[in-house]
Amino acid sequence: ELPEGYKKPVLVSGTDGVGTKLELAFKTKKYDTVGIDCVAMCVNDILCHGAKPLFFLDYIACGKLEAEVAADLVKGVSDGCVESGCALIGGETAEMPGFYKEGEYDIAGFAVGIVDKDKIINGKDIKPGDKLIGIASSGVHSNGFSLVRKLYTDLNEEFNGEEVWKTLITPTKLYVKPVLSLIEKFNIKGMSHITGGGFIENVPRMFNGAELTAEIRKDSYPLPAIFEDMISRGVARDHMYNTFNMGIGFVLCVNEADVQAILNELEAMGEKAYEIGVVTAGGEGVCLK
């Protein structure tokens with residue numbers, strides 16, 4: 001039964017996996033965070049339409065199921081569901097010997113959320129002069145790990161006083177609770193979850209095909225040290241913005257008059273957020289300054 005209080009409820013669904021970040025879990029035998037990544041990659045996506053997550057299903061595939069590993073994976077999924085306020089209603093665990101190597105797993109998820117038809121956020125009212133607010137990421141999240149694995153062949157090398165894998169495996173941030181809270185109080189005109197393709201591919205998705213440009217100031221927020229470290233290892237800075245979140249995991253498009261109140265609200269909720277840019281005419285997608 002659908003929750004009450006919706007005039008014209010619309011269901012929004014999303015599915016995703018964790019990608020090659022899983023190799024860090026295999027190599028470090030730390031399996032309790034990638035489940036959070038799996039939930040976050042799905043619910044943060046449906047959140048972009050203003051949808052409140054209702055329920056989640058997970059799919060785990062492996063060569064030979066180890067009970068402790070499966071329990072850790074599902075614990076992460078459960079933690080992610082609790083934090084995003086949705087129910088874990090089921091899942092599937094498939095043993096496929098000879099197909100997956102022993103000790104290797106794949107995990108994917110599927111989320112369904114709900115939003116009133118009149119309240120769907122689809123970018124239709126975005127206009128030049130609107131401002132872009134970026135909410136900080138928790139790190140690399142769950143994209144670009146094919147490149148990460150080439151850059152960090154020794155996961156135990158030191159970074160900021162500890163093994164680098166501890167920084168890299170930090171789970172993807174869940175934006176559901178703070179963003180749903182903002183939607184109740186402010187006119188949020190468009191949203192983007194900064195996943196694969198970084199700023200370049202994800203920010204323009206909020207424009208709904210309109211001829212607009214997101215002008216983003218690279219110096220408007222602190223760049224996390226892990227991304228600076230990747231650049232020092234030879235990755236072109238511009239390429240980084242087309243692959244990683246670069247410290248901003250979620251972007252909101254809002255009226256200029258609301259910027260300070262929204263930043264204050266996010267700070268009160270314990271989120272780090274910044275005014276990172278402005279919408280201009282032109283249809284260039286993203287312009288990094």
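1. Buried here means under 20% relative accessible area, and by that cut-off Phe-199 is buried, because its relative accessible area is 0%. The model under review is a predicted one, and the points below should be read with that in mind.

2. Phe-199 and Tyr-241 form an aromatic pair of the tilted kind, with 5.7 Å from centre to centre and 50° between the planes. Phe-199 belongs to helix H7, whereas Tyr-241 sits in the loop between helix H9 (237-240) and strand S10 (248-254), so the pair ties together parts that are 42 residues apart in sequence. Tyr-241 also counts as buried, because its relative accessibility is 3%.

3. Phe-227 is part of helix H8 (residues 225-232) and Phe-244 of the loop between H9 and S10, so the link here joins parts that are 17 residues apart in sequence. Phe-227 and Phe-244 are both buried.

4. A polar atom of the Asn-202 side chain lies 2.9 Å from the backbone oxygen of Gly-198. Leaving aside residues up to four places away in sequence, Asn-202 touches Ser-192, His-193, Ile-194, Thr-195, Gly-196 and Gly-197.

5. In helix H8, the buried residues are Ile-226, Phe-227, Asp-229, Met-230 and Ile-231, a list in which the reader will find the charged residue Asp-229. The cover over these buried residues includes helix H4 (145-151), strand S6 (158-159), helix H5 (164-168) and H9. Just after H8, Gly-234 adopts a positive phi of about 110°.

6. His-141 has a positive phi, near 60°, and is placed in the loop between strand S5 (131-136) and H4; because its relative accessibility is 1%, His-141 counts as buried. Met-246, likewise not a glycine, has a positive phi of about 55° and is found in the loop between H9 and S10, where Met-246 is buried with a relative accessible area of 0%.

7. Helix H2 (residues 34-47) packs against helix H6 (residues 176-185) at an angle of about 10°, and the two axes are 10 Å apart. Angles under 35 degrees count as roughly parallel, and H2 is therefore roughly parallel to H6. From H2 the contact draws on Val-43, Asn-44 and Leu-47, and from H6 on Val-176, Val-179 and Leu-180. Sorted by class, this contact of H2 with H6 holds five nonpolar residues, one polar residue and no charged residues.

8. Gly-209 is located in the loop between H7 and strand S9 (212-216). Gly-209 is exposed, because its relative accessible area of 70% is over the 50% that the term requires. The C-alpha atoms of Gly-209 and Gly-285 are separated by 9.7 Å, although the two residues are 76 places apart along the chain.

How values were computed
Residues numbered from 1 in each chain as written. Predicted model: local features only at pLDDT ≥ 70, side-chain atom pairs only at ≥ 80, totals over all residues. Heavy atoms only, no water. Polar contact = N/O pair within 3.5 Å; in protein donor to acceptor, adjacent residues only side chain to side chain. Contact = heavy atoms within 4.5 Å. Phe/Tyr/Trp six-rings, centres within 6.5 Å; stacked < 30°, edge-to-face > 60°. Helix = DSSP H or I, 4+ residues; strand = E, 2+ residues; numbered from the N terminus. Buried < 20%, exposed > 50% of the residue type's maximum accessible area, 1.4 Å probe, protein only. Axes fitted to C-alpha atoms, helices over the stretch in contact; angles between N-to-C directions. Parallel < 35°, antiparallel > 145°, perpendicular 65-115°, else oblique.
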